[in-house]
Amino acid sequence: NSERAQDAVLSSIAIVAITSVFASTLLFFFAEAISEDLFRNSELTAALRLLAIVIPFQAFINLFVAIYRGFNKVGPNIYFSNIIRNCIFISILFIYIFIGFSLSKVIFAYIISILIAFAAFCFYALRNKLIILIGNHNSHITKNLLKFSLPLFAVNLLLLGMSYTDILMLGHLGNTRSVRTYSSALNLAQFLSLSLQSLSFIYVP
């Protein structure tokens, strides 16, 4: 019913808020160790710390997409995660063509695109009453969500590690230029599966 659905939404928001802030804090404080020990490039420390700031915002975007997907609505994912965020990011990069590129500028463009997409998504969710912040909260649902999510979290963590092992190894054994070239080619190749991913998002539960 609607009350249980609202409790599930609030529980998910609480869990994502805590875990994303925790992950953001870890990355912020261990950014120097990661950049120097893994990538052997101290210049990445500031970049990693900037990216750590937007982890909670990106996590909430993914959460809202999942919630709307649970209600059989795929439009918000297209509007906010795919169109708004990417269009803003590309628009800012287009401006950089005339004023000059740098790593910090690209990261700021990425951060701005996520923040704007997050703000627009929050406004949309509140306006459509997806989130009702006032009311009684059932802590039992939070416990059930944690029990159900922990195994999935472990599986997704392993899958994430497997999917980025090539880039991490290349960054450790090679240099940032090799990682940049390889990542660009890999992202372009992934466009071949774009239609399959779109259909999978709609039909796979």
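1. Which residue lies over the face of Phe-28, and at what distance from the ring centre? Arg-49 does, at 5.4 Å. (For a charge to sit over a ring, NZ of Lys or CZ of Arg has to be within 6 Å of the ring centre and within 35 degrees of the ring normal.)

2. A quick word on the basis. This is a predicted model, where local features need pLDDT of at least 70 and side-chain atom pairs count only at pLDDT 80 or more, while totals for chains, interfaces and linings use all residues. Residues are numbered from 1 along each chain as its sequence is written, and side-chain values use heavy atoms, with hydrogens and water left out.

3. Staying with Phe-28: this ring pairs with Phe-29 edge-to-face, with 5.6 Å centre to centre and 85 degrees between the planes. (Rings of Phe, Tyr and Trp, the last by its six-membered ring, pair if their centres lie within 6.5 Å; planes under 30 degrees apart are stacked, over 60 edge-to-face, and the rest tilted.) Phe-28 is partly exposed at 34% relative accessibility, whereas Phe-29 is exposed at 59%. (Buried is under 20% relative accessible area, exposed is over 50%, and partly exposed is in between, with a 1.4 Å probe and protein chains only.)

4. Now Phe-60 and Phe-118, a tilted pair at 6.2 Å centre to centre and 55 degrees between the planes. Phe-60 sits in helix α4 (residues 55–70) and Phe-118 in helix α6 (residues 103–127), so the pair ties together parts 58 residues apart in sequence.

5. Helix α1 (residues 2–29) holds Thr-25, which is partly exposed at 35%. Thr-25 and Ile-55 are 30 residues apart in sequence but 9.5 Å apart in space, C-alpha to C-alpha. Ser-12 is in helix α1 too, and counts as buried at 17% relative accessibility. Leaving aside residues up to four places away in sequence, Ser-12 touches Leu-63 and Leu-145. (Contact is heavy atoms within 4.5 Å.)

6. Last, the surface. Phe-94, Ile-95, Ile-97, Phe-98, Ile-99 and Phe-101 make a nonpolar patch of about 700 Å². (Patch residues have over 30% relative accessible area and no salt bridge, and nonpolar side chains are joined within 5 Å; areas come from the Shrake-Rupley method with a 1.4 Å probe; a salt bridge puts a side-chain nitrogen of Lys or Arg within 4 Å of a carboxyl oxygen of Asp or Glu.) Of these, Ile-95 lies in helix α5 (residues 75–99).

Methods:
Patches are made of residues with over 30% relative accessible area and no salt bridge: like charges are joined within 9 Å, nonpolar side chains (Val, Leu, Ile, Met, Phe, Trp, Tyr) within 5 Å. Helices (H or I, at least four residues) and strands (E, at least two) are DSSP runs, numbered from the N terminus.
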